[in-house]
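Here is a short report on one protein model. Look at the structure first, then read on.

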Amino acid sequence: MADDDVTRVGLVDDDSLVRAGLAMILGADPALEVVCQGNDGSEAVTLVQKHRPDVLLMDVRMPGLDGIAATKAVSALPNPPKIVMLTTFDMDEYVFQALEAGASGFLLKDTPPQDLARAVHVVAGGDAMLSPTITRRMLSHFSDANPGTRQDRHPGLDQLTERETEVLGAVGAGLSNAQIGMRLFMSEATVKAHVSKIFAKLDCTNRVQIAIIAHEAGLSDLDADPEM
């Protein structure tokens, strides 16, 4: 397999047994390569700069520099990796903060092995690792904590084309690129191009952030059928 076809993965967790288990599971997938490991958030920036992983799996709660602070630091780097938080509880308040800081999603530490590699591939491909149900709860959390108006909070919305606005609403509903393509009759590559333009116009770094904007602007349809 060509190197371009391999997704490079980094692991940061203070539990050595968790790291070993994750490395073993991910290493069984020939399209994934674990290129670096760290046991504290303070190591994250150095590891990313040295090994350039495509996806970084990082524990939320660690001694020293925790996953939230480490996510902010890594996200500030040029061309940062996609960051997926590892947590024990799906409603962990720290996960919400990490997503707002730039993480692309989160995984529970008891995620079945067969789902773990798939999740890494999903995030590497540009989608957020969030189910529509979790997206609904997360958006409700942010809306309650950050009340505001579209005009005051997100002037970049006026820069979006009509098609980009439709894509934004679909992202806000928790749909993947493939599902958005089916709904809006576009190729997946075209959807990715629109999402990239939305990132730039709204000054966002991941789908979670633009989903929040879509929800606050009343553009997301959270009753959309993700299996369509």
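## Contacts and overall make-up

Contact means heavy atoms within 4.5 Å. Among contacts in this protein between residues at least 6 apart in sequence, 67% join residues at least 24 apart. The protein has eleven helices and five strands. These are DSSP runs numbered from the N terminus: helices are H or I with at least four residues, and strands are E with at least two.

Of the 228 residues, 48% count as buried. Buried means under 20% relative accessible area, exposed means over 50%, and partly exposed lies in between (1.4 Å probe, protein chains only).

## Model and confidence

This is a predicted model, in which local features need pLDDT of at least 70, side-chain atom pairs count only at pLDDT 80 or more, and totals for chains, interfaces and linings use all residues. Residues are numbered from 1 along each chain as its sequence is written, and side-chain values use heavy atoms, with hydrogens and water left out.

The pLDDT is the predictor's confidence in each residue, from 0 to 100. The protein averages a pLDDT of 82. A score of at least 70 is reached by 80% of the residues. Over residues 148–152 the pLDDT is below 50. Beyond near neighbours in sequence, that stretch has six contacts in the model.

## The annotated aspartate

UniProt places the feature "modified residue: 4-aspartylphosphate" at D59, in an unreviewed entry. UniProt positions are given in the numbering used here, feature names are shortened, and annotations may be inferred rather than shown by experiment.

D59 lies in strand 3, residues 55–59. D59 has a relative accessible area of 5%, so it is buried. Leaving aside neighbours within four places in sequence, D59 is in contact with V12, D13, D14, G67, M85, L86 and K109.

V120 sits in helix 5, residues 113–124. Its relative accessible area is 1%, so V120 is buried. Not counting residues up to four places away in sequence, V120 touches T7, V9, L26, L32, V55 and L57. L32 is 88 residues from V120 along the chain, yet their C-alpha atoms are separated by 8.6 Å.

K82 belongs to strand 4, residues 82–87. K82 counts as partly exposed because its relative accessibility is 32%. With residues up to four places away in sequence left out, K82 touches D54, V55, L56, S104, V123 and G126. The C-alpha atoms of K82 and V120 are separated by 9.3 Å, and the two residues are 38 apart along the chain.

Which residues of helix 8 are buried? They are E164, V167, L168, G169, A170, V171 and G172. Just after helix 8, G174 takes a positive phi of about 85°.

The axes of helix 8 (residues 162–172) and helix 11 (residues 207–216) come within 8 Å and cross at roughly 105°. Axes are lines fitted to C-alpha atoms, for helices over the stretch in contact, and angles run from 0 to 180 degrees between N-to-C directions. Helix 8 and helix 11 are therefore roughly perpendicular. Angles under 35 degrees count as roughly parallel, over 145 as roughly antiparallel, 65 to 115 as roughly perpendicular and the rest as oblique. From helix 8, L168, V171 and G172 meet R207, I210, A211 and A214 of helix 11. This contact has five nonpolar residues, one polar and one charged. Ala, Val, Leu, Ile, Met, Phe, Trp, Tyr, Cys and Pro count as nonpolar, Asp, Glu, Lys and Arg as charged, and the others, Gly among them, as polar.

## Helix 8 against helix 10

The axes of helix 8 and helix 10 (residues 188–202) come within 10 Å and cross at roughly 90°. That makes the two helices roughly perpendicular. Helix 8 contributes R163, E164, V167, L168 and V171 to the contact, and helix 10 contributes H194, V195, K197, I198, K201 and L202. By class, the residues of this contact divide into six nonpolar, one polar and four charged.

## Two loop residues with positive phi

N79 is found in the loop between helix 3 (67–75) and strand 4. N79 is not a glycine, but has a positive phi of about 50°. Its relative accessible area is 68%, so N79 is exposed.

F185 lies in the loop between helix 9 (177–184) and helix 10. F185 has a positive phi of about 60° although it is not a glycine. At 76% relative accessibility, F185 counts as exposed.
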